[in-house]
Structures are given as structure tokens and as C-alpha cells.
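Have the sequence and the 3D view open as you read.

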Amino acid sequence: MDFEYAPEQEAFRKEFRGWLAANLSPDLCVDDPADDRVASTREMFERRVVWQKSMHKAGWVGMGWPREYGGRLNLVGPTIIHWGTDAQKHQYLPRILNAEEIWAQGFSEPGAGSDLASLRTRAEDRGDRYLVNGQKVWTSGAQYADSIILLVRTDPNAPKHNGISCLLVDLKSPGVTVRPLVLATGHHHFNEVFFTDVEVPKTQLLGPINQGWKVSTTTLMYERHASGARNPIGQVRDLIAVARRLPMDGGTAWDDPRIRQRLSQLYVDCEAMKYTRFRALTRQIRGEAPGPEGSILKLSGSELGVRIADAAGELLGMHALVNQGSELVPDAPRWFNRLVAARQYTISAGTSEIQRNILGERVLGLPKG
């Protein structure tokens, strides 16, 4: 792979950096002191919506989408592009890009997490509509969402992978209840979502009936691809900066060769992720579907996040655990959140065990155990 930027790519980088310098508010850069992936308050969420609208107006969102759908986001948009009818594409895609339509992902259920195909939420055929009953869990951002991409069982007699369909459901429909799940950090971005006799028009079926497993695979591929795109190298740089000023044994923590070696290894691992990400970008530029790089990045990225959190906990100690900024560690709340929350990313979007199975069976061709 050619790692040098072509002149037009360099011009693009310069243009976007210039736009960010002129438009990105310092307040937005410190939007959430706890560093939550999903906004932990309505106020933070609204600020992010305004920012999305600003980027959309300037043409900086949906960069990987076909131009006819507004491209120049991560999950439901590409899935609708791939599986949706023309009416669904024209109804939803522009509103997604402009943050007028916020979406949640209704896949996991109690008893159907890693074994997603065991889901039990039912959609009964009622002529021109489906009647949906069931429960979803760990639904990120559902408290803000307008709609949800929902996996349901439409044929209970078929083998479990073959009787699933995918629906696009209005979360404001009668019979939908969203309840918060508060994390150990004290924040709330997960939810339970309950469906009680919810009527969904058949026009909201995404993809063929009973082929929802294939539709969900598209979504999960993009989700893992997007998860792997988040390189935690900024966290490592921040941790190195803290180590350089944190007093230890008459000097600083950075003077300890063991600490330097540990943080340097984390930095090297982040660089390795960057180059694997370049491989994924090459596939995207060629117009190819996400490949094994998504699972590689999701696995390595989430495991690396845990190692960074462990290193931060041992280095910062009480400075992070008090969850309050200090002169030495002004961003202590961010580190507290990372320490407590890091493990969840080895579970969400497919556990580390699932990713290893995917890589072993589909990439390396190993036999199933």
C-alpha cells in the first residue's frame, strides 16, 4: 500500500483542517468531561446534534455514501443503502445525515447477546402490518432516538437464523417504552426497550422477509468497522503527558524505565492499529465491502482500551479514582470513566470471543470447535 498522500488527498486534509480551525468551538472539544461515547445528558446531546448539522451543511458527513444519498453514518445508513427500497432511502438517508432522524439499534435481548440468533421478539403478520412484542436491551442512545432498526422473529418454526426479519420502527409508536440502564460510572447511555402490541406497517420491512440475519450482518460489519476506526492513541499521548509531570521517587513517573516501556508499547500498538485501518480504508476506496480488518480492529482496539485503562489506573491511582480534577491531573474524570467503562467495549458490537471465532473460521479457515 502507498502510504503517501496524493496531492488531491493532501488538499482535502488541508481544507478540512482549515474548516475545523474556523468552526470547531473549544466548548465542543470538552463537550463531555467524562468522555462518554453517547452523550450522558440531553444538553450534551443537543450540542452534538447542532454540530452534526453544521458539518452536514458544509458537506463533511456521509463521506463514504453515494452522492445520490447525500454523501460527499456508520450503521443504519449504510444498511439502508444496501437493503432499503427507494422509498426508504429517500425517506431516511437525508434526515440521518442532517441529524433530523436519530437512530438506535435494537438487536440484543436478555438471553440473546452473543447468540443473537436466539432472539425472541416477535412480529406477527396482521395483513398490511406487523404486531411487535418483545424486549431489547443494551440499546445505546435510545433515550434520544426517533427510530430503531429492529430484529424480530417472523417465522418461529424456521431454523433460528432463517426466521428473523428486520424492521424500521418509529420509537414514538404506541406501545414502545424506553427505560434507562445506569452504568457503574453513574452515566446513562444504555437502555431497555419494550414493545407491547406495536403496529409496524409492512412498508417498514428492511430487506426480504425472514432474511434479517443477512441484513444484521451488514450492520454489524459496519459497526465493527466504525468501532475499529476509533484509535485510542490520543489517550496514550495524554497518559504520557501526565507521566512526565507526575512526581515519583524524587523525579517523575516518566523517569521509571518500566513505565516508559509500558506506555511506549501502548503507543506502538496504536500505530499498528493505524496501519491496519489504512488497509480497511483501501478496501473502502475501492468500493469493496468491509473485510476482516473490521473484526481485527474491533478486537485489538477494545482489548487495547482495557490495557490503557489498566495502565492509567496503576499510574494515576487516587488521582483518577477520586473522579475530580486536580492540578496534576485536571482531566481526572475522563480517566475515571475510562477505568470503569473500558471493559464494556470488549462486549459491545460482538464480544472479543466472537471476533476471534470470526477471524479463526472465516479468515484463517480453522475448523469449528
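## Buried or exposed?

Before we start, one term: a residue counts as buried when its relative accessible area is under 20%, and as exposed when that value is over 50%. Keep in mind that what you see is a predicted model.

Take W19 as a try-out: its relative accessible area is 16%, so by the under 20% cut-off it is buried. W51 comes out at 18% relative accessibility, so W51 is buried as well.

## Rings that pair up

A pair of aromatic rings is described by the distance of the centres and the angle of the planes. How many aromatic pairs does the structure hold? There are nine aromatic pairs.

One of them joins W19 and W51 in a tilted arrangement, with 5.4 Å centre to centre and 35 degrees between the planes. This pair links distant parts of the chain: W19 belongs to helix α1 (residues 7-23) and W51 to helix α3 (residues 42-57), and they are 32 residues apart. W19 and W51 are also part of a cluster, linked by ring pairs, that includes F12, F16 and W60.

Now look at W138 and F190, an edge-to-face pair with centres 5.6 Å apart and 75 degrees between the planes. Here, too, distant parts of the chain are linked: W138 is in the loop between β3 (129-136) and β4 (147-153), F190 is in strand β7 (residues 188-201), and 52 residues separate them. W138 is exposed, because its relative accessible area is 51%, whereas F190 has 9% and is therefore buried.

## Charges over rings

The charged end of R179 sits over the ring of F194, 4.5 Å from the ring's centre. K202 lies over the face of Y130, at 5.5 Å from the ring centre.

## Two positive phi values

Most residues other than glycine have a negative phi. A99 has a positive one, near 60 degrees, and is found in the loop between α5 (86-97) and β1 (103-106). With 10% relative accessible area, A99 is buried.

D249 has a positive phi as well, near 50 degrees. Its place is the loop between β9 (247-248) and β10 (251-252). Buried or exposed, what is D249? Its relative accessible area is 79%, so D249 is exposed.

## A nonpolar patch

Last stop: V363, L364 and L366 make a nonpolar surface patch of about 290 Å². L364 lies in the segment after α12 (352-363), and at 61% relative accessibility L364 counts as exposed.

Definitions and conventions. Residues are numbered from 1 along each chain as its sequence is written. This is a predicted model: local features need pLDDT of at least 70, side-chain atom pairs count only at pLDDT 80 or more; totals for chains, interfaces and linings use all residues. Side-chain values use heavy atoms; hydrogens and water are left out. Patches are made of residues with over 30% relative accessible area and no salt bridge: like charges are joined within 9 Å, nonpolar side chains (Val, Leu, Ile, Met, Phe, Trp, Tyr) within 5 Å. Accessible areas come from the Shrake-Rupley method with a 1.4 Å probe; for residues, only the protein chains shown count as cover. A salt bridge is a side-chain nitrogen of Lys or Arg within 4 Å of a carboxyl oxygen of Asp or Glu. Helices (H or I, at least four residues) and strands (E, at least two) are DSSP runs, numbered from the N terminus. Buried means under 20% relative accessible area, exposed over 50%, partly exposed in between (1.4 Å probe, protein chains only). Rings of Phe, Tyr and Trp (its six-membered ring) pair if their centres lie within 6.5 Å; planes under 30 degrees apart count as stacked, over 60 as edge-to-face and the rest as tilted. A charge sits over a ring if NZ of Lys or CZ of Arg is within 6 Å of the ring centre and within 35 degrees of the ring normal.
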